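Student: I have a model open on my screen and would like to learn how to read it. Could you walk me through it, feature by feature?

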Amino acid sequence: MKFISSANNQLIKQLILLKSKSRERKKQLRFVVEGERELSRALEMSYYVESIFYREDRSLNFPIDSSNKTYEISNKLFDNLSIRSGSEEVLAIVKTIDHGLNKLIVNNESQILVIEAPEKPGNIGAVLRTAAAAALDAVIIANPRTDIYHPNIIRNSLGGVFSIPIAIDNSKNVISFLKKNDFQIVVAAISSKAKHYKRVKYKNPLAIILGSEDKGINDIWIKKADKIVQIPVKFPIDSLNLSVSAGILIY
């Protein structure tokens, strides 16, 4: 195992780029995972771990195979690299997988969540964590405004990003996919046609659709919705956080 203490090391430079630059993650088809729990979940879902970086004098509690390149990093350098300085003991460079909509497998009992144009990585991570915890069959991200392997998505999902199938495409293609597979499309929106979310009948296969906090849902979803629902809020509050709304509707 090689020991690294310099930020000028080429592998460390690559790791820093992958953590900070979305374009590098897309270009290299790689991303960074921080934390033993998160890395364990990535391994459970058959993600390929290319390189593992341990904190100095520490070890992991799960097995890795001989194809994983391992490096020991000085405490000072590790703290400079870690989002959660001092609380984690492992970083890894992991290869991305294909999140194409054509890879998503659904059936007549599927229950999925669609989030359109989500922007804040922390919110996306929290939504994925809730969706995985509630045993949804998949999450589809339509018209994404950030990449799925953003470090804050991985961190806020507690590795849930690896525990549930995720597909990514534009809204038009997602709607076609849902219609083709006979999903009931239930859109959460502020609309004169919206009903209280507890006063509608849901049926499988079911897709719950949520829009971004700042702009809401695109009109194309309203036109294609089978049902429109809303979560009541008391004035002067006019909306809820995306992850909170998702949690309410999912459960």
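**Reading the pockets, the sheet and the helices**

Tutor: Let's begin with the lining of the largest pocket, whose residues divide into 12 nonpolar, seven polar and four charged. Here Ala, Val, Leu, Ile, Met, Phe, Trp, Tyr, Cys and Pro count as nonpolar, Asp, Glu, Lys and Arg as charged, and the others, Gly among them, as polar. Keep in mind that this is a predicted model, where local features need pLDDT of at least 70 and side-chain atom pairs count only at pLDDT 80 or more, while totals for chains, interfaces and linings use all residues. Residues are numbered from 1 along each chain as its sequence is written, and side-chain values use heavy atoms, with hydrogens and water left out.

Student: What counts as a pocket, and how is a volume defined?

Tutor: On a 1 Å grid over the protein atoms alone, a pocket is an open set of points with protein on both sides within 12 Å along at least five of seven lines, whereas a cavity is a set where a 1.4 Å probe fits but cannot get out; lining residues have an atom within 4 Å of a point. Grid points are joined across faces, edges and corners, and a volume is the space filled by probe spheres set on the points. In this model the largest pocket holds about 490 Å³ of space. It is lined by 23 residues, with Ala188, Ala189, Ile190, Ser239 and Ser245 closest to its centre.

Student: Which element gives the most to the lining of the largest pocket?

Tutor: Elements are DSSP runs numbered from the N terminus: helices (H or I, at least four residues) and strands (E, at least two). Helix H9 gives the most, with three residues. Both H9 (242-250) and strand S12 (227-230) supply at least two residues of that lining.

Student: And the second largest pocket, what lies nearest its centre?

Tutor: Lys26, Asp147, Ile148, Tyr149 and Ile168 do, out of 14 lining residues. About 260 Å³ of space lies in this pocket, and its lining divides into seven nonpolar, three polar and four charged residues.

Student: What does S9 pair with, and is S9 buried or exposed?

Tutor: S9 (184-188) is joined to S11 (206-210) by four bridges, and Gln184 stands opposite Leu206. S9 also pairs with S12 over three bridges, where Val186 faces Lys227. Buried means under 20% relative accessible area, exposed over 50%, and partly exposed in between (1.4 Å probe, protein chains only). Five of the five residues of S9 are buried: Gln184, Val186 and Ala188 on one side, Ile185 and Val187 on the other.

Student: Which helices should I look at next?

Tutor: Axes are lines fitted to C-alpha atoms, for helices over the stretch in contact, and angles run from 0 to 180 degrees between N-to-C directions; contact means heavy atoms within 4.5 Å. Within H5 sits Ala132, partly exposed at 25% relative accessible area. Ala132 touches Gly160, Ser163 and Ile164, leaving aside residues up to four places away in sequence.

Student: Which residues of H3 are buried?

Tutor: In H3 (36-44), Glu38, Leu39, Ser40 and Ala42 are buried. They pack against S2 (30-34), S3 (49-55), S5 (90-95) and H6 (151-156). Just after H3, Ser46 takes a positive phi of about 70 degrees.

Technical notes
Pairing = 2+ DSSP bridges.
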